[in-house]
Amino acid sequence: MKAGRKPPADEKGAEWPAVGDWVAVELHDAAAAAIREVLPRRSQFVRKSPGKKIEEQVIAANADVALLVSALDGDFNPRRAERYLAQCWESGTRPVIVLNKADVCTGWRDKAREMERVAQGTSVCVVSAKTEQGLDELKKFLTPGETLVLLGSSGVGKSTIVNRLLGESLQEVQPVREGDSRGRHTTTMRELFVLPGGALLVDTPGLRELQLWDAAEGVSQAFADIDSLAGQCRFSDCRHETEPGCAVQAAVRAGTLDEARLENRRKLLREQEFLRRKIDPEARHVEKQRIKHLMREVRQIHRDRKSD
Ligand SMILES: Nc1nc2c(ncn2[C@@H]2O[C@H](COP(=O)(O)OP(=O)(O)O)[C@@H](O)[C@H]2O)c(=O)[nH]1
Ligand SMILES: [Mg+2]
Ligand SMILES: [Zn+2]
């Protein structure tokens, strides 16, 4: 489908239709159509756009379920999963953690258990898109009419999973580089497929990084276990460092809370704080411009009235 016009490069912000958006189109002829309206989104998975620019980028709109795919080889990283989970909770998309390439990992049971501690109740699916191990388990999350989006680094097997679920090879798959398990970017566009059962599946190019965008609530939900421990700390403003009576540090000492998890929560909160300081001046600037415009209009109305 062709859009009515191409957006200039700096105009592809959150307003421009993203994959998964429902749009009202006007058909000109068989080859051309113009988007007239983007319908309100039920959910949107966003991230901070890569690089220095402080703006959000929509990865997928209206996704009901996010399949957070990582591989059980060198790609496995619970800290990255925490990041994805936080952004998911913020976006209104239900996450499912998918651990792919079980065929190359004899210790997949231990890794699944490790991921379950991070998942906090979110389902963890161990699969092999190669041998089809666990695919039936994954299929349980496909609901007719619902949209699922595959998210994860490149090379983890997202496109292979698409092909398996489609039952045919429509998505191009590329070998990963030796050494670092990283894939080359072969899926360059986000694409939507209708699966045999009637679920919609969106494949995305691998995300090199996922910097959170305005996701304080999502972080809080992803680390609900720590938040609830924090309620038992002696001081209400406890920073869970060296304060006496800290229930969070007590859990770390008791071995029920992974210190790396606590550290990652700190890191994500720091990122949020940094972003908030950056976003605010910009938002304030936009608001100032809006008011300036409004005042100009008001003055114009006054002038028009006087000259009547
Ligand atoms: N061993 C193994 N390799 C897989 C599996 N799934 C995908 N691959 C391979 O991993 C590489 C990257 O797969 P691809 O689907 O392109 O990853 P994407 O970048 O996430 O879309 C390809 O060489 C696939 O054949 C799996 O379950 N086991
Ligand atoms: Mg791909
Ligand atoms: Zn504390």
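Start with the open sheet: six strands in the order β7-β6-β5-β8-β10-β9, with mixed pairing. Strands here are DSSP runs of E with at least two residues, helices are runs of H or I with at least four, and both are numbered from the N terminus. Two strands pair if DSSP finds at least two bridges between them. Color β7 (124–126) and β9, the edge strands, each of which pairs on one side only. From one strand to the next, the twist averages 25°. Angles run from 0 to 180 degrees between N-to-C directions, with axes fitted to C-alpha atoms, for helices over the stretch in contact.

This is a predicted model, where local features need pLDDT of at least 70 and side-chain atom pairs count only at pLDDT 80 or more, while totals for chains, interfaces and linings use all residues. Residues are numbered from 1 along each chain as its sequence is written, and chains are lettered from A and ligands numbered from 1 in the order in which they are written.

**Inside the sheet**

Select β5 and β6. They pair in the parallel sense over seven bridges. Leu 67 has Val 96 in β6 as its bridge partner.

Which residues is Leu 67 in contact with, leaving aside neighbours within four places in sequence? Select Val 96, Val 98, Leu 148, Val 149, Leu 150 and Leu 151. Contact means that the C-beta atoms, placed from the backbone, lie within 7 Å.

**The core**

Leu 67, Leu 99 and Val 149 have the most contacts inside the largest nonpolar core, which has 55 residues. Such a core is a set of buried Ala, Val, Leu, Ile, Met, Phe, Trp, Tyr and Cys residues joined through C-beta atoms within 7 Å. A residue is buried if 20 or more other C-beta atoms lie within 10 Å of its own, exposed if 12 or fewer, and partly exposed in between. At least three core residues come from each of domain 2 (44–203) and domain 3 (216–289); these bounds come from an automatic or database domain assignment.

**Helix α4**

Next, select residues 158–166, helix α4. Its buried residues are Lys 158, Ser 159, Ile 161, Val 162, Arg 164 and Leu 165. Their cover includes β5 (65–71), β6 (94–100) and α3 (135–139). Step on to Gly 167, which follows α4 and has a positive phi, near 80°.

**Two hairpins**

Go to β9 and β10. They run antiparallel, joined by four bridges. Leu 192 stands opposite Val 202 in β10. Five residues lie between the strands of this hairpin, and Gly 198 in the turn has a positive phi of about 100°.

Now pick β1 (residues 23–27). How many of its five residues are buried? The count is zero. β1 pairs with β2 (residues 33–38) in the antiparallel sense over five bridges. Five residues join them as a hairpin.

**Two loop residues**

Finish in the loops. Asp 214 lies between β10 and α5 (216–222). Its phi is positive, about 30°, although Asp 214 is not a glycine. Asp 214 is partly exposed, with 15 other C-beta atoms within 10 Å. His 240 sits in the loop between α6 (224–230) and α7 (247–254). Its phi is positive too, near 60°. Is His 240 buried or exposed? His 240 counts as buried, because it has 21 C-beta neighbours inside 10 Å.

Note on methods:
Two residues are in contact if their C-beta atoms, placed from the backbone, lie within 7 Å.
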